[in-house]
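Colleague: Before I use this model, I would like to go through its sheets and its pockets with you, one point at a time.

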Amino acid sequence: MARQRRYGHNYRKYIRHFGKRSGSSRGRRGLVCFYILLCMGLIGSILYMQWRMGNLREIQARLSEFLRQQTAGQTGEEAEASVPEPMEAVRVLLLENDTDTYRGSVRIAGDAGCILDDGTKQWTLGPNEVVSFGAENLVSFTGTTVVTPAEGGCLYLVDETGARQQPGYRGTLEVWQDANGYALVNEVSTEDYLACVLPSEMPESYGLEALKAQAVCARSYLYAQTGQEHYPQFHAHLDDTVSFQVYNHEASGDLSAQAVRETSGQVLMSQGQIVDALYYSTSCGFSQSGSIFGADENVFQSVYVGSGDAPADFDSYIRGWDEHAFERDERYFRWVAVIDVANRTTNIVDAIVNLKKKDGEDVVYSDDLKRRISDTEIATAAEAFGELKNFQVARRNAGGVIEEARLEFACGTVDVTGELHIRDILGAAQTSVQLQNGEIVTGLDRLYSAAFVLDVQDGQWILRGGGCGHGAGMSQNGAKALAAEGWEYQDILHFFYQNVDIAQLFQ
């Protein structure tokens, strides 16, 4: 059949030529025979192709099933193979004042005593006896001292009087000492780490089911982050601040410990991978899709965090209140921020310039602005930019967060990508924020969220917004509200994260 289609014009030429030469009955019989043979060939080709197509469909079905299993995860031994090995310990860099890697001095005490090892010698201290590392030690020693608590005890950072500065640390504290000062690394079991993350990230008053949901999120986030050492110079996986998860800033209580214990080993998984389970404080009434971070939009989808039908028009929604929203009574659910453009444009310009140095691809200058910035006769960045005229939304997430915006200055434009960048740039000129409960907050240099609309009033920009945090994944106050309604933690997780399973890494 394929040959006939390819050379069909030759067959027609042959038939015409044969017909002209055959005027006899023999010729006519030959022509009839030729047509019979041709028809039989056609029928045979059709039957052959049908047989081939049947085989192809079977092969296609088998291939599709194979690909489905590879994507969705198989059962039995193959499914178990996709679950990662449990991580016994995590190494956490403890930052001073949530910012500084190095400290000028360190004082440590163990409530049951401790053992110290600097690689050359070991010595023991009794209960609450303090070991001090001061400026004088930096001259004489460069290396690492490992402090191990006595059995059943905890280690504490203490001040000059011996008063404890943080809750106790389980595991070991490593004091890394060099000319820059002292860096502290806590090596601790993953479950003990999570027991100290939970109260620092969520109050126990939120209820056991909300705490369980937070525990699974925190464990998932931990496993997703610890594939690499974010502080390789100290072999530390992460630090103890909001850059990762707040760790050991609040003492662990019985309910937090119970939540970690009753979800032991559980993580969120999607398509054979542990989910980087992002979470935040409060939604504006919608969660945000993963596009704000380049995260998996199959998992992180925009969800209406309320009952009934989702409101259609975001502009009017964010300006009002929503009686059907689960977080309607939270103080961050709605807020109004004042941006003093007239007097604080320099702050905005400085924020843009600093972000340009840090994340250049996310901050793009127009050509005319580039020329002014490169002009050596223009003394300051504020002079190069000129007056801030306008703010335009270029792209808004499905849940309302602004992902791309353009700032129009007198001398050019700046295109900004990233909800956090937008919050930092406008937040640099923020004078005050009024929360939903009437509270007035000052001294902030970052907007609570990028879910807002802008009005101009008496020369000032008024931002009417909602929510606190980036908005992707689980809202912690949303989890609290659902737990209060009687939801179990599994249902809470499946509400905020789509197309996920709760997998058991270990018992």
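This is a predicted model: local features need pLDDT of at least 70, side-chain atom pairs count only at pLDDT 80 or more; totals for chains, interfaces and linings use all residues.

Colleague: In the open sheet of 3 strands, what is the strand order?

Modeller: Strands here are DSSP runs (E, at least two residues) and helices likewise (H or I, at least four), both numbered from the N terminus, and two strands pair if DSSP finds at least two bridges between them. β5 (130-133) and β7 (155-157) each have a single partner strand, so they stand at the edges and one side of each is left without a neighbour in the sheet. With antiparallel pairing, the order is β5-β2-β7.

Colleague: Which residue of β5 stands opposite Arg107?

Modeller: Strand β2, residues 106-110, pairs with β5 in the antiparallel sense over 4 bridges. The residue that stands opposite Arg107 in β5 is Ser132.

Colleague: Which strands stand at the edges of the open sheet of 5 strands?

Modeller: The order in this sheet is β20-β19-β14-β22-β21, and its pairing is antiparallel. One side of each edge strand is left without a neighbour in the sheet, because each has a single partner strand; these are β20 (440-441) and β21 (452-457).

Colleague: Is strand β14 largely enclosed by the rest of the structure or left open, and how many of its residues are buried?

Modeller: Buried means under 20% relative accessible area, with exposed over 50% and partly exposed in between, for a 1.4 Å probe and protein chains only. Strand β14 (residues 335-339) pairs antiparallel with strand β19 (residues 430-435) over 5 bridges, and 5 bridges also join β14 to β22 in the antiparallel sense. β14 is largely enclosed by the rest of the structure, because the buried residues number 4 of the 5.

Colleague: Which residue is the bridge partner of Val456 in β22?

Modeller: β22, residues 460-465, runs antiparallel to β21, and 6 bridges join the two. In β22, Arg464 stands opposite Val336, whereas the bridge partner of Val456 is Trp461.

Colleague: What is the volume of the largest pocket?

Modeller: On a 1 Å grid over the protein atoms alone, where a cavity is a set of points that a 1.4 Å probe fits but cannot leave, a pocket is an open set with protein on both sides within 12 Å along at least five of seven lines, and lining residues have an atom within 4 Å of a point. Grid points are joined across faces, edges and corners, and a volume is the space filled by probe spheres set on the points. For the largest pocket this volume is about 1200 Å³.

Colleague: Which element supplies the largest share of the lining of the largest pocket?

Modeller: Of the 36 lining residues, the closest to the centre of the largest pocket are Val242, Tyr279, Tyr280, Gly469 and His470. Elements that each supply at least two residues of this lining include α6 (190-201) and α13 (419-427). The largest share, 3 residues, comes from α13.

Colleague: How many residues in the lining of the second largest pocket come from α13?

Modeller: The second largest pocket holds about 360 Å³ of space, and among the residues closest to its centre are Leu420 and His421. The largest share of its lining comes from α13, with 4 residues.

Note on methods
Residues are numbered from 1 along each chain as its sequence is written. Side-chain values use heavy atoms; hydrogens and water are left out.
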